[in-house]
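Hi everyone, and thanks for making the time. I'd like to walk you through a structure that may be new to you, so please take a moment to look at it with me.

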Amino acid sequence: MTTKFDLNDDSLVVIIGSGAGGGTLANELAQKGIRSVVLEAGKRFTLDDIENDEWKMFGKISWLDKRYVEGPARLAKDFPNLPAWIVKGVGGATMHWAGVAMRFQQHEFKMKSTNGVVPGANVLDWPITLQELEPYYLKAEKKMGVCGTEATGMPFHGKSSHYKVIAEGARRIGAKCEQATLAINTEIRDGRPACQVNGFCMQGCKIGAKWSTMYTEIPKAEATGNMELRPQSMVLRIEHDDKGRVTGVLYADRDGNQQLQKARVVAVAGNSIESPRMLLNSASSMFPDGLANSSGQVGQNYMTHVTGGVYAEFDKPVHMYKSTVVPGVVKQWQDNDPERGHYAGYELEILHLGLPFMSAFLNPGSSGWGRELAESLENYDKMAGFWICGEDMPVESNNISLHPTEKDQYGLPVPVVYKTDHINDTRMRNHAYDRSTELFESLGARKVNYLPPYPASHNMGTNRMSEKPRDGVVNKWGQSHDIKNLFVSDGSQFTTSGTENPTLTIVALAIRQADYIAEQMKRRQI
Amino acid sequence: MNKNNTAESIPNPSRRRFLARSGAAAVCAGALSAGLLSATAWAAKAVGEQASATLLRMARDIYPHDTLEDKYYSQVLTPLAKKAEQDAALQTLLKEGVAELDKRSHQRFGKPYLEVAVESDRVQILRAIEDGAFFQRLKGDLMMGIYNNPELWPRFGYGGSAWQHGGYINRGYDQIDWV
């Protein structure tokens, strides 16, 4: 059954993006009988397109449209055109994510109240609390099939060799290490198989054991007859009327023809670079700074998590690739304890890369070559390591802006991403490097390699939630402070980044937002 | 893999002699080894024997794995040279790149790159040009050709594609004997 809606049907919700936010919102609305069109810039892939091959899948599914990275951070030199490692395809970044599904901690919704003003940062409390979000976290965990939770009762994955090495190191230094709660089936569930440990979670799960909207929310929504997915549809502009309400979305279809889909409600969920970019590109005489931007915060406060990698080389084999990509998490430093010399917390996520990506990321950029690197790569099978994932300070000058002259293949100004560390980020990363080294040395590591941050898969904050309209772009429902029938449904609405991987929170917020949109539509408020 | 880099990092006369000889052998396409011969034969048409031997030496200096046979490096260089036969810009990049390398070698050590016997000396020259297009082109192709080469994955202890074997759930994902 393929539903087709008319371009002039102005009773529809138009959702831009089909990932964790957009895909979830579409299905939640569809199940309530609310009709939507999902505009997705990328292609529709099938499981047959997914390969256990790092570079092939990188080339196939990544968002590789022209972008610039600016700023003094090493990322700008190493990857001048690849700020983010995300997906252009139906399912969005849920194809690429490693499946790590953790709830935010209580204090992470209250960073300003917790720490007061942090100089140089634009910290704000979320307008919602953990308690308000808990019922939705539970729904999200059930929907996605998160193992190791009460919500599903599904057991954890077995302990891989990679996990066992790190867990032993953590034990020796007295640090808490736990198996990861992953939205990857350990039993047959929801019509999807159990994980068979291919070790290629981030290339798209070949067997569909990992939750992705590509083969869960999207086809479920389509099956109701209430949702039409339009892949290869790149949004050019969101239109509005003279009352300042959005009325439709102009996009380029797969043949490059411009189409205008009318809408009752528009929800933006194109990830934290494209979402603010769309709002900025939709500037008009009524909204000269872009839609929903009376605060000036659209595109600002871009956060990626404080990241980095730490890979140790041992005398004996680990075979880290024989594992779910993230088998466990060291949570010892996830709390907010300024005594450590930095605010907020971080997690050390046990994570493997294959040899092809290890060669690219161990020492990225032009100087990554030579005997030292080659020797480390010769120890690939004896490596174990982490990806550092810590709370990133919101800083206004870390932002997404439009290139003044250069246009992309759609004729849109190329996005420019400026990102550099706040001093707190640097201190946190150094703390993480030091503790990781201690952990690895307790196991007799021969060498510990520090990897600089690579292109960001966690992108947040560029349309942030705020209590007051002057501080942010959307309210606690992800609804624009300025335009009632315009919503933001992805990670760009995060007020602060938290320590945890963003997907579970994006899904919980989308489920909650669907309830609100349904209620507001019923009451004719939108 | 086994390593024997210490032999190169110490300026040992016999080691120098060996390298000088292998360079000379390459220049005259001598039969030092089948691997080296095939490795230099490839590029002669596009860039000449001297340049092709220089590129091979440079390739081995960029990602030095002493136990990897030359053929794995030449598998990267051959398609590059073939392409250069049709692609004038690429041919210029390679020819001028090698010429620049030799120029810097002469200035610094009084001999062409191929005859600079000590790896750390050659590395000094390469570090000075690492941001340039010539070096980056070679590095990029080599990174893909060496580390993204499924034929070499077993030598590095990497498993590659696993789904067709049923993953590792029944193939030792939890096996480790030292923790």
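Let me begin with one term: when I say that two residues touch, or are in contact, I mean that they have heavy atoms within 4.5 Å. Please also keep in mind that this is a predicted model.

With that term in hand, let's go to Phe440(A). Leaving out residues up to four places away in sequence, Phe440(A) touches Ile166(A), Val310(A), Ala312(A), Phe314(A), Ala384(A), Gly385(A), Phe386(A), Ala445(A) and Val448(A). Which residues have the most contacts inside the largest nonpolar core? They are Phe314(A) and Phe440(A), and that core has 128 residues. The element that gives the most to this core is α9(B), with seven residues. Apart from this core lies another one, of 52 residues, including Ile128(A), Leu130(A), Ala263(A) and Met278(A).

Is helix α8 of chain A, residues 271–281, buried or exposed? Here 11 of the 11 residues are buried, so the helix is largely enclosed by the rest of the structure.

Side chains of opposite charge can pair when their charged atoms come close. How many salt bridges does a search of the whole structure find? The total over all chains is 42. Let me show you a few within chain A.

In one of them, Glu28(A) pairs with Lys143(A), and the closest N and O atoms are 2.7 Å apart. Glu28(A) sits in helix α1 (residues 20–31) and Lys143(A) in helix α5 (residues 130–144), so to speak two distant parts of the chain, 115 residues apart, are linked by this pair. Both partners are buried: Glu28(A) has a relative accessible area of 15%, and Lys143(A) has 14%.Another pair is Arg44(A) and Glu222(A), whose side chains meet at 2.6 Å, N to O. Arg44(A) is in the loop between β2 (36–39) and α2 (54–61) of chain A, while Glu222(A) is in helix α7 (residues 217–223), 178 residues apart. Arg44(A) counts as partly exposed, at 39% relative accessibility, whereas Glu222(A) is buried, with a relative accessible area of 18%.

A further pair joins Lys447(A) and Glu372(A), with the closest N and O atoms 2.9 Å apart. Lys447(A) lies in strand β16 (residues 447–451) and Glu372(A) in helix α10 of chain A, so the pair ties together parts that are 75 residues apart in sequence. Lys447(A) is partly exposed, with a relative accessible area of 23%, and Glu372(A) counts as exposed, at 55%.

Let's stay with helix α10 of chain A, residues 371–378, for a moment. This helix is mostly covered, with six of its eight residues buried. One of the buried residues is Arg371(A), and Arg371(A) leads us over to the other chain. Its side chain meets that of Glu119(B) in a salt bridge, 2.6 Å from N to O.

So much for chain A; now please turn to chain B. Chain B has 10 helices and zero strands. Of its 179 residues, 46% count as buried. Among the contacts in chain B with a separation of 6 or more, 58% come from residues 24 or more positions apart.

Where do the two chains come together? In all, 45 residues of chain B are in contact with 45 residues of chain A. The area buried between them is about 4000 Å², and carbon and sulfur atoms give 61% of it. Tyr158(B), Tyr173(B) and Trp178(B) supply 19% of the area that chain B buries against chain A, more than any other three residues.

Across this interface the rule finds three salt bridges, and 20 residue pairs are in polar contact. Which helices of chain B each supply at least two residues of the side that touches chain A? They are α5 (49–62), α8 (119–129), α9 (133–147) and α10 (153–156). Of the elements on that side, α9(B) gives the most, with six residues. By class, the side of chain B that touches chain A has 21 nonpolar, 13 polar and 11 charged residues.

Note on methods. Residues are numbered from 1 along each chain as its sequence is written. Chains are lettered from A and ligands numbered from 1 in the order in which they are written. This is a predicted model: local features need pLDDT of at least 70, side-chain atom pairs count only at pLDDT 80 or more; totals for chains, interfaces and linings use all residues. Side-chain values use heavy atoms; hydrogens and water are left out. Buried means under 20% relative accessible area, exposed over 50%, partly exposed in between (1.4 Å probe, protein chains only). Helices (H or I, at least four residues) and strands (E, at least two) are DSSP runs, numbered from the N terminus. Buried area is the accessible area (1.4 Å probe) that two parts lose on being put together, summed over both. A salt bridge is a side-chain nitrogen of Lys or Arg within 4 Å of a carboxyl oxygen of Asp or Glu. A polar contact is a pair of N or O atoms within 3.5 Å; within protein, one must be able to donate a hydrogen and the other to accept it, and residues adjacent in sequence count only if both atoms are side-chain atoms. Ala, Val, Leu, Ile, Met, Phe, Trp, Tyr, Cys and Pro count as nonpolar, Asp, Glu, Lys and Arg as charged, and the others, Gly among them, as polar. A nonpolar core is a set of buried Ala, Val, Leu, Ile, Met, Phe, Trp, Tyr and Cys residues joined through side-chain atoms within 4.5 Å.
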